[in-house]
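Subject: Structure handover

Hello,

The structure is below, with notes on what was found in it. Please read the notes with the structure open.

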Amino acid sequence: MKNLLPLLIFTLSGIVALAQGQQYVDSLKKRLDVQLAEKALQGGKDQMSDTLIGRTLSLLSNELVTINPGEALIYSDQLLVLSEKLNHNLGIASALHVRGSVEQNMGRFDASISTFFRAIEFAKASGNSKQVAASHTNLGISYVNKGQFPKGLESSLEALRIYEKLGELSDAAGCRLNIGILHSQMGSYDEALPYFTASMEHFEKTRNKYGLNFVYNSIGQLYTGLKNAELAMYYDSLALDLSRELGNEYGEANALNNLAYDYEQLGQPDRAMQFYYEALELNRKIDDQDGVAILLTNIGSLFAKQKKYKQAEQYYMESLGISKEIGSYVNIGDVYRNLASNDSAQGNYSLAFAHYKDYIAARDSMFSEENTRQLTELSMQYDFDKKEAVAQAEQDKKDAIAQEELERQMLVRNGFAGGFVIVLAFAGVFFFQRNR
């Protein structure tokens, strides 16, 4: 069984989006209406009005990503048209970033990867490093959802480097959370926990409930992987409460799914099934196809445990169809593994073997030795680069001190030489006068 993967959405400025709710969205819509009316009164040719409208469209579309994805796309498309008209690269990057985020949340990972690459290109052209890092962050998440872990880590580390260089601590905390999620997905829980802990400490210190929501969800999943249902349930419950408080339906669906599995592990299948169906309904409501596929797999797994094999197969096959359509290779592997087990339990050994081979092929494509090696190398390279940067900074400091000392000595020497020349001049005058 595979738990849902929590996603972080970054705003134009690169700060982890702290959803402010419908009231803030309504205020932005009113502001936009006023700006459009003022532009109309001026004949529609005022560039300053266009700039203000673009800024409002950017704030509005980013805010709506998790609240109303459909509306987010409408406003981001308006921003894209306006920004292209003004030849404003940052506005184009922001609009593409929102589109990529919505595609990502809907499980359309191939589309989101392509969109984020375009967003990065325009962000670089604008010279806005925060926007570059923001799109790198979400690009990494899409790669992880496709099971391309080395690419996911590479993109996430690139974002982390930029944020650390800029001194953007909240954004760096968000990146560490994503890197922790990646290690957790690979089953490297010992490596994941320090990243989660560092993120949680920062979000608690800054009282960022939105960031804490995802941290709690992620730590709950980690303890699920460690088979500690009690601790998993504790963090999953915290995540569910915060998701509902913030109106974060994606986080709520994740928490419901994870709590369902917690109940399943604690031997309460009826309660687990109730939470699974509630999460499935919510994922369908927000059109999260990856979430729908995962929930279908999880429900099928619970039916299989109850020896309701035909019902289990029905849910598995529906999940497999959606997973192939959206390119969710992580879930494809899970479905094939469960189908093999389901076939074997019914005595269909030849079909079980065929499905098991499909599972092995999907698993090896994601968790191969080469992927593991690349992940290790990327992590080691990042640590090495960081140590090198620190060592270089220390060396630069020593060089600066040595240069100052050298300049001081040269000043003393030149001063002595200058004084000696003056002494010689006086001596010359003295001898000349004495000779006279």
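The buried residues of H11 pack against H10 and H12; buried means under 20% relative accessible area, exposed over 50% and partly exposed in between, with a 1.4 Å probe and protein chains only, and contact means heavy atoms within 4.5 Å. This is a predicted model, in which local features need pLDDT of at least 70 and side-chain atom pairs count only at pLDDT 80 or more, while totals for chains, interfaces and linings use all residues. Residues are numbered from 1 along each chain as its sequence is written, and side-chain values use heavy atoms, with hydrogens and water left out.

Helices are DSSP runs (H or I, at least four residues), numbered from the N terminus. Among the buried residues of H11 are Ala232, Tyr235, Asp236, Ala239 and Leu246. Just after H11, Gly247 has a positive phi of about 70°.

H10 (residues 209-225) and H12 (residues 249-265) pack at about 25°, their axes 10 Å apart; axes are lines fitted to C-alpha atoms over the stretch in contact, and angles run from 0 to 180 degrees between N-to-C directions. H10 is therefore roughly parallel to H12 (under 35 degrees; over 145 is roughly antiparallel, 65 to 115 roughly perpendicular and the rest oblique). In H10, Asn217, Gln221 and Thr224 meet residues of H12 including Gly251, Asn258 and Tyr261.

Elsewhere, Met106 lies in the loop between H4 (89-105) and H5 (109-126). Met106 is buried, at 9% relative accessible area. Leaving out residues up to four places away in sequence, Met106 touches Pro69, Asp287, Asp288, Gln289 and Asp290. Pro69 is 37 residues from Met106 along the chain, with 8.9 Å between their C-alpha atoms.

Regards

Technical notes
Helices (H or I, at least four residues) and strands (E, at least two) are DSSP runs, numbered from the N terminus.
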